[in-house]
Structure formats: C-alpha cells, structure tokens
Amino acid sequence: MTLVHGGQLQQIAEQYRIPVSDWLDLSTGIAPFAYPIPNIPLQAWQQLPQKNPALITAAKQYYQCSELIVTNGSQAIIKALPELYRQENTAGRKVYLPERGYKEHAQAWTLAGYQLHFYQDSLPDITTLLPSSVLVVINPNNPTGQFFDRAVISQYHQKLKQLNGLLVLDEAFIDVMPKNQSYCSEVNDNGEDNNILILRSFGKFFGLAGIRIGFLVAGNYWCQKFKELLGPWQVNGPAQIIAEKALSDIAWHKEQCVKLHTLRLQQEAILWQAFPSKLVNSIQGCDLFLTLSFHQADNAKALYHLLCKQGVYCRLSDEQDTLRFGITLEENFKRLKIACVQACAELVSNN
Ligand SMILES: Cc1ncc(COP(=O)(O)O)c(C=O)c1O
C-alpha cells in the first residue's frame, strides 16, 4: 500500500484545479531555508559515487558518534530494517510503535510479518517489554511533536539490551531541538552495542530533502549488515559533496536554528490568532512544523479542504483529525493568516 505523505503538490494542484505556482505549500516539515549549494566539480556528475571519508568525518563530528553509514535518506533504513532484523533475530516478532507518527515504520514492520503494539502518550510500560522485541521511538514525533528526554530513552535502551531487543530511534527532526538532545553520542561503546539504531535525516534541517541523504548511527555490527544489504552507490556524488559541506558549517547550523525558532514562534502566534480557541484545542510541534488539534475532530478535514480551495496546502493527518503546517517564510504569513481566517469563517457558516 502506498502511504500518503506531504509534498504531493502536483497531485493536489490538479485535484483543486489551481496551478502549482499559485500554492503555498506547507505540507512537509522541511526547512524553508536550504543550505546553499556549493560548486560541484564535473567529475562528481561523471563518475560513480565513491567512498567519501571527508563526508564520514564531517557526519561523525556533526552527529557526535563513532560509527555511522550514509544512506539514501533515513527512509532506506526504515524500509530495509524489518526483513533484515527478522533474519538476524529469529526469536521475537513484536514491535512497539507510536500510534500516531510517520507511518512508514508501521508499514515496513507489518510487511515483514511483525505484530504491532501501539503506544502514544507514554512509552510502553518498561516492565512489560517482551524479550527480543523492538521499540520504535520517533523523537520528536512527527506529527505530534512529543519528545522523550535522554534519561527516559536511556532506560529503554538498557532494558532492551537486557532483553536482546532493539531500540529504533528516529531522530529525523531532532536537529531543531534546543541543546543537542540527540542520543547519538550514547552509541559509542566501541561499536559493540547491537541493540540500538538511530536514524538521522539530512533533508529536513538542511532544507534539501530532494538530494536524498540520511545516516544510520549504530554499532559496527549493524553498520556492516546494512552496508552489505544496501550495496554501493546508495548516495550520489553531488549529494555527498553538498552534505559534507553542510554538516561542517557550524555557523550555518547556529543561524538556521535561530531563524527556524523565530519563525516557529511567529507562525504559532499567527495560527492562534487565525483559529478561534473554540475550534483549536492545541498547537504542538517543533521548529520545523506545527500541528493543530481540534475540539471537534472532523473539523480538521473540513478546514483542510477549505484551505486547499484557497491554494494553501497543509497536511491532514492519517487519522484525519489534525492539521500539520510546515514552518514557512515570514513573507507568507499574511497569506496564511488570511486563508485560515477565511477557512474558519466558512466552516462556521457551513455548520
Ligand atoms: C519521522 C520521519 N522519519 C523519517 C523520514 C524519512 O526521511 P528521509 O528519508 O528524507 O531521511 C520522515 C520523512 O518525512 C519522517 O517524517
């Protein structure tokens, strides 16, 4: 089954008969400022991608870890992991996942024949975790923004080690969390920790989702297994050059964090002004997206449609009861506010 994601502008534009160029696309959580593309030497386009030690060094420095591999987006690992894990660990068939969250995880584990157990507000009771089970944590969660701190993650990590299970930490959006709260630096016990995998997405924070690059932070065992499975040429040469430069540019990282945080605060205020509190229950998220939940769940779908009619494309959750808005540029705030006010007015008059 193909899952619905944000970023399907072409399709939505056709559906609503509005030219692509007229849309305000807030359907993803990709930063609105992209890392500037450096000059790419011709050889990078001509030759097959080669091992790039400078990229690996830059990535280890940025992610503060001792072992990682570069992949064609973190999605490549999400898709390949369950089959590989089934071959490596035949003892367990249970995986704990957030009920709401990036659905590719659930789909991949289902396809590999695992039994899914869902949790939401709190992680599953640690005393009930089964031997050889897998726990997936999306931190922060997309779309709920829910975040578990390092101490909590550490307890589950230790427990899953004892149980010979696996902790899968999807840190796709963690770059924007204050004070580097990533768990990557904890995966450094001489590469011998086989009970944890951390996924890092490059495209979101650096605003370059199109170049398809991501990283797996894990012990040596899993890194080797995935290298063998995925084979050579996972990531094209130009993407490697861009990522190497971007990951090393500390001044840009700092500036990006400040800019995104400022925009997030402004956009959150605008959404609160545009949506009356009798409609909206809460706004959660991080500095890359904001998710609105409603007192009356079916208002999300109606508002999504009313916004699309005005050429404003946000993401209606898979459960059809929340709306996620990617953080956008200041110059789009006025249009966003007007569209939201108009959508609310129409919703009220239609009811
Ligand atoms: C939570 C989460 N994890 C992973 C991914 C995959 O991203 P990528 O393959 O670009 O790294 C996404 C994409 O939206 C996501 O939302």
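In this predicted model, the largest nonpolar core holds 53 residues, of which Y63, V137, F202, F206 and L247 touch the most other members. Such a core is a set of buried Ala, Val, Leu, Ile, Met, Phe, Trp, Tyr and Cys residues joined through side-chain atoms within 4.5 Å, where buried means under 20% relative accessible area (1.4 Å probe, protein chains only). At least two core residues come from each of several elements, including α3 (53-63), β5 (134-138), α8 (237-248) and α9 (250-274); helices (H or I, at least four residues) and strands (E, at least two) are DSSP runs numbered from the N terminus. Because domain 1 (9-30 + 252-350) and domain 2 (49-248) both give residues to this core, it lies between them; the bounds come from an automatic or database domain assignment. Apart from it lies another core, of 39 residues, among them L9, C314, L336 and C340.

Polar contacts are pairs of N or O atoms within 3.5 Å. The side chain of N142 places an N or O atom 2.8 Å from a ligand oxygen, while for D170 such a side-chain atom is 2.6 Å from a ligand nitrogen. A polar side-chain atom of S201 is 2.7 Å from a ligand oxygen.

Residues are numbered from 1 along each chain as its sequence is written. Local features need pLDDT of at least 70 and side-chain atom pairs 80 or more, whereas totals for chains, interfaces and linings use all residues, and side-chain values use heavy atoms, leaving out hydrogens and water.

Note on methods: Buried < 20%, exposed > 50% of the residue type's maximum accessible area, 1.4 Å probe, protein only. Polar contact = N/O pair within 3.5 Å; in protein donor to acceptor, adjacent residues only side chain to side chain.
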